[in-house]
Amino acid sequence: MADPISISKAQARRFMLAHHQLLPPRKLKGKAGILEYLDRVGSIQFDSINVVGGNPDLVLQSRIAHYQPKWLQELLYQDRQLIDGWDKQASIFQSSEWPYFARRRQAMQVYYGPELKSSGKLAVAKKVRSAIKDRGPLSSIDIKDDERIDWHWGIPARTTRAAMEALYAVGQLGIHHRVHTRRHFDLIENLLSSALLRAKDPNPQEDEYLDWHLTRRVGSMGLAHPKAGESWSGLRGSYGGISAVERKAAMQRLIDQGHVLQVAIKQVPKQIFYLRATDLPALEAATRASRAMQRAAFIAPLDNLMWQRHVIAMIFDFEYTWEVYVPAIKRKYGYYVLPVLYGDQLIARVDPKYHRDSQILEIKGWWWQSNIEIQDTSMHAAIAQALKVFLVYLGANNIELSGTAKQDVVIRQAAKLALEN
């Protein structure tokens with residue numbers, strides 16, 4: 001077996017950022033840029049929390065020049081080039097990958113099938129399908145139903161909603177559109193082409209499927225660590241994943257076949273990372289690259305770059321915890337804090353909130369990394385530009401500083417520049 005490729009932390013940072021289309025930020029363009037990014041990473045995680053945009057929009061605003069959320073909506077619900085589905089979690093990926101996820105739909109059929117039958121708890125599914133066929137796309141509240149059942153995590157749900165969820169999981173329904181986070185479902189044959197729906201699973205054998213999905217997941221991360229936790233979830237096709245033992249065996253098979261390479265980082269001893277062989281030229285380019293373009297961006301909490309937070313700590317020296325689910329009294333920073341990228345470093349954290357009624361972007365807090373030199377005028381200008389871009393993305397027309405942000409001279413000046421230009 002070949003020795004691991006050896007690189008430095010600086011090279012690892014540059015590769016990770018280049019792989020995730022953040023070196024520099026906002027270099028991709030339009031809807032074509034969204035598809036190009038998904039070609040590389042496979043999927044973008046969906047999340048319903050919207051403080052300064054949903055997670056997919058936050059991911060894309062840092063990569064796509066002049067990003068407009070309507071572009072993603074068009075790709076999903078008009079062009080149908082993208083689809084709401086399930087990968088690691090609820091995710092967005094390219095519709096062309098529908099056949100590759102047949103195994104998960106089959107697993108969901110085994111799981112939900114008995115309940116969807118006329119004698120099952122979700123027998124209302126037949127009524128749901130008929131209503132959608134007759135009336136067009138519907139959400140769960142569009143069908144009158146007062147009956148409830150225990151649903152996921154023991155939470156009661158209306159049977160129509162549960163039936164829609166199950167029909168969606170097995171592939172009979174798809175998401176026609178969303179109104180905010182509310183999903184409106186349609187029959188899948190109305191959303192995807194018959195050729196795509198008839199296409200066979202390209203990986204009919206379990207080993208073939210694991211090879212495909214495991215390689216794809218490595219690409220979702222860039223440099224993937226064996227102990228990436230939930231970032232490896234969902235690989236079998238069900239809600240869970242494969243065991244660590246199974247994953248290790250499958251990864252060794254990919255290494256032996258030359259599809260995955262091992263990488264060591266000089267300043268991170270006793271750790272091995274995985275790299276897709278197809279990404280080796282990009283890694284080699286990163287090792288030759290000079291100083292990164294000094295541009296700043298705000299990074300989504302569930303950004304693909306941030307999936308492996310322990311790896312971010314290893315190579316960026318940036319400890320990050322998403323504190324949304326941390327009790328307020330125990331939060332160190334804030335509810336929805338975003339990492340701030342500048343060049344090839346994560347230099348700070350920002351706690352933003354968009355007030356839609358007044359169209360004000362409030363910066364509730366700003367915390368610099370302790371090892372960052374903040375007296376660089378190019379850094380100030382880059383932060384001002386990042387704020388300006390963020391204003392346009394949100395549709396905001398003013399910035400309000402509070403908390404630690406109001407006390408920071410650099411951020412006060414950057415906000416002023418963002419509003420002037």
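At what angle do the axes of helix H6 (residues 125-135) and helix H7 (residues 159-169) cross, and within what distance do they come?

Mentor: Keep in mind that this is a predicted model. Two packed helices are described by the angle between their axes and the distance between the axes. Take H6 and H7. Their axes cross at roughly 80 degrees. They come within 9 Å. Angles from 65 to 115 degrees count as roughly perpendicular, so H6 is roughly perpendicular to H7.

Now find the residues that touch. H6 contributes Ala125, Val128, Arg129 and Ile132. H7 contributes Thr160, Ala163, Met164 and Leu167. Sort them by class. Six are nonpolar, one is polar and one is charged.

Helix H1 (residues 9-19) packs with helix H11 (residues 280-288) at an angle of about 130 degrees. Their axes are 8 Å apart. H1 and H11 are therefore oblique to each other. The crossing of H1 past H11 is right-handed. On H1, the contact uses Gln11, Arg14 and Phe15. On H11, it uses Ala282, Leu283, Ala286 and Thr287. The classes here are four nonpolar, two polar and one charged.

Turn to the nonpolar cores. The largest has 114 residues. Val52, Trp366, Trp368 and Ile383 have the most contacts inside it. Helix H13 (residues 377-394) supplies the largest share of this core, 10 residues.

Zoom in on tryptophan 366. Set aside its neighbours within four places in sequence. Its contacts then include Phe298, Val340, Ala348 and Val350. Ile383 and Ile411 are also among them. So are Arg349 and Asp408, along with Thr404 and Ala405.

Finish with a loop residue. Aspartate 303 sits between strand S13 (296-298) and helix H12 (309-316). Is this residue buried or exposed? Its relative accessibility is 0%, so aspartate 303 counts as buried. Leaving out residues up to four places away in sequence, aspartate 303 touches Tyr37, Asn55, Val59, Ser62 and Arg63.

Go back to your pair with that in mind. H6 and H7 cross at roughly 80 degrees, and six nonpolar residues take part in their contact.

Conventions
Residues numbered from 1 in each chain as written. Predicted model: local features only at pLDDT ≥ 70, side-chain atom pairs only at ≥ 80, totals over all residues. Heavy atoms only, no water. Axes fitted to C-alpha atoms, helices over the stretch in contact; angles between N-to-C directions. Helix = DSSP H or I, 4+ residues; strand = E, 2+ residues; numbered from the N terminus. Parallel < 35°, antiparallel > 145°, perpendicular 65-115°, else oblique. Left-handed = near helix turned anticlockwise from the far one by under 90°. Contact = heavy atoms within 4.5 Å. Nonpolar A, V, L, I, M, F, W, Y, C, P; charged D, E, K, R; others polar. Core = buried A, V, L, I, M, F, W, Y, C linked by side-chain atoms within 4.5 Å. Buried < 20%, exposed > 50% of the residue type's maximum accessible area, 1.4 Å probe, protein only.
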